[in-house]
Amino acid sequence: ENVIEIKNLKKSYDNGNIKALNGIDLTVKKGEFISIMGPSGSGKSTLLNMIGALDTADEGMIKVAGIDLMKAKKLNLFRSQEIGFVFQMHNLIPNLSVIENVEIPMYETKANSSEMRERALELLKSVNLEKKIDQKPTKLSGGERQRVAIARALVNHPSIILADEPTGSLDSKTGEVILDLLKELHTKENVTLVMVTHEPYVGNMAERLVTVLDGKCKTDEKLR
Ligand code: ADP
Ligand code: ADP
């Protein structure tokens with residue numbers, strides 16, 4: 001079962017002067033763990049933004065979790081139900097506590113406040129942050145913040161997690177902890193994990209490695 005289907009996807013910026021995506025073809029099966037690598041400016045973030053419906057493509061085909069994103073309306077609902085974002089740009093809200101940050105995506109669902117609290121707590125336990133639930137994110141280390149972001153990404157049982165440089169600003173030991181956690185949750189929840197990274201050792205931990213160059217998929221390799 002394909003959870004992501006992309007054909008000849010194109011996206012340009014600056015009135016067509018910058019071709020960020022220049023005919024991407026990519027199919028991802030449910031439950032796969034893939035990493036996307038490539039030089040800076042090759043289109044990785046743009047591709048992730050398209051998959052998460054944070055931006056729209058110019059032409060081509062993109063279907064995610066059965067939804068045709070070239071046609072779909074109600075993208076807020078799609079995002080909150082199907083996608084968990086672990087983006088450095090998608091920061092935590094500083095004046096909310098850790099647990100309140102994790103609850104945010106659930107406001108788009110029908111969950112009531114006690115269900116929200118219970119689910120957020122369950123996830124925060126699974127990332128070993130139950131002692132920090134009432135802290136503000138500013139009091140946490142980089143690794144702890146990334147664990148909060150992962151808990152938040154998983155809270156609505158998404159079918160796909162999109163992670164942009166999840167180990168980026170972390171030291172290698174903390175990065176390893178984050179990666180192990182992502183892998184464990186990917187296995188346990190059978191969620192599809194798509195990760196952009198520029199660190200080869202991180203990229204090589206995936207089951208499949210796709211490289212992107214000049215807005216196209218250049219190589220696609222099964223690693224395990
Ligand atoms: P990567 O993530 O591989 O570094 P990006 O997807 O961020 O690459 O960028 C691909 C190209 O598109 C780059 O040339 C970048 O400068 C450009 N680009 C990305 N987003 C925008 C934007 N919002 N406006 C203008 N140019 C952009
Ligand atoms: P990454 O480190 O993943 O390559 P970038 O620094 O390329 O990230 O991009 C971060 C964000 O800035 C992206 O979401 C992209 O849309 C935006 N961006 C990238 N390049 C440009 C640009 N030339 N003009 C405007 N926005 C850009």
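Leaving aside its neighbours within four places in sequence, with which residues is His186 in contact?

## Basis of the report

This is a predicted model, in which local features need pLDDT of at least 70, side-chain atom pairs count only at pLDDT 80 or more, and totals for chains, interfaces and linings use all residues. Residues are numbered from 1 along each chain as its sequence is written, chains are lettered from A and ligands numbered from 1 in the order in which they are written, and side-chain values use heavy atoms, with hydrogens and water left out.

## His186 and the end of helix α6

His186 has its place in helix α6. Helices (H or I, at least four residues) and strands (E, at least two) are DSSP runs, numbered from the N terminus. With neighbours within four places in sequence left aside, His186 is in contact with Gly31, Glu32, Phe33, Val191, Leu193 and Glu207. Contact means heavy atoms within 4.5 Å. His186 counts as buried because its relative accessibility is 6%. The classes are buried for under 20% relative accessible area, exposed for over 50%, and partly exposed in between (1.4 Å probe, protein chains only).

Asn190 is found in the loop between α6 and β8 (192–196). Its phi is positive, about 50 degrees, although Asn190 is not a glycine. At 40% relative accessibility, Asn190 counts as partly exposed. Another positive phi in a residue other than glycine belongs to Asp14, with a value near 60 degrees. Asp14 lies in the loop between β1 (2–13) and β2 (18–29).

## Helices α5 and α6

Helix α5 (residues 142–154) packs against helix α6 (residues 172–189) at an angle of about 15 degrees, and their axes are 10 Å apart. Axes are lines fitted to C-alpha atoms, for helices over the stretch in contact, and angles run from 0 to 180 degrees between N-to-C directions. The two helices, α5 and α6, are therefore roughly parallel to each other. Angles under 35 degrees count as roughly parallel, over 145 as roughly antiparallel, 65 to 115 as roughly perpendicular and the rest as oblique.

Which residues of α5 and α6 meet? From α5 come Gly143, Gln146, Arg147, Ile150 and Leu154, and they meet Thr174, Ile178, Leu181, Leu182 and Leu185 in α6. By class, this contact of α5 with α6 has 6 nonpolar, 3 polar and 1 charged residues. Here Ala, Val, Leu, Ile, Met, Phe, Trp, Tyr, Cys and Pro count as nonpolar, Asp, Glu, Lys and Arg as charged, and the others, Gly among them, as polar.

Of the 13 residues of α5, 11 are buried, so the helix is largely enclosed by the rest of the structure. Among the buried residues of α5 are Val148, Ala149, Ala151 and Ala153. The cover over the buried residues of α5 includes β6 (83–87), α3 (98–103), α4 (113–126), β7 (160–164) and α6.

The length of α5 can also be checked. At 1.5 Å a residue, its 13 residues should span 18 Å, and the end C-alpha atoms of α5 are 19 Å apart, which agrees. The expected span of a helix is 1.5 Å times one less than its number of residues.

Met116 has its place in helix α4. Is Met116 buried or exposed? Met116 is buried, with a relative accessible area of 5%. Beyond neighbours within four places in sequence, Met116 is in contact with Glu103, Met106, Tyr107 and Ala111.

Lys125 is also placed in helix α4, and Lys125 is partly exposed, with a relative accessible area of 44%. Lys125 and Ala151 are 26 residues apart in sequence and 9.1 Å apart in space, C-alpha to C-alpha.

## Residues in strands

Ser35 lies in strand β3 (residues 33–37) and is buried, with a relative accessible area of 0%. Not counting residues up to four places away in sequence, Ser35 touches Met195, Gly203, Ala206, Arg208, Leu209 and Val210.

Lys218, in strand β10 (residues 216–222), is exposed, with a relative accessible area of 58%. Lys10, in strand β1, is partly exposed, with a relative accessible area of 28%. Lys10 and His186 are 176 residues apart in sequence and 29 Å apart in space, C-alpha to C-alpha.
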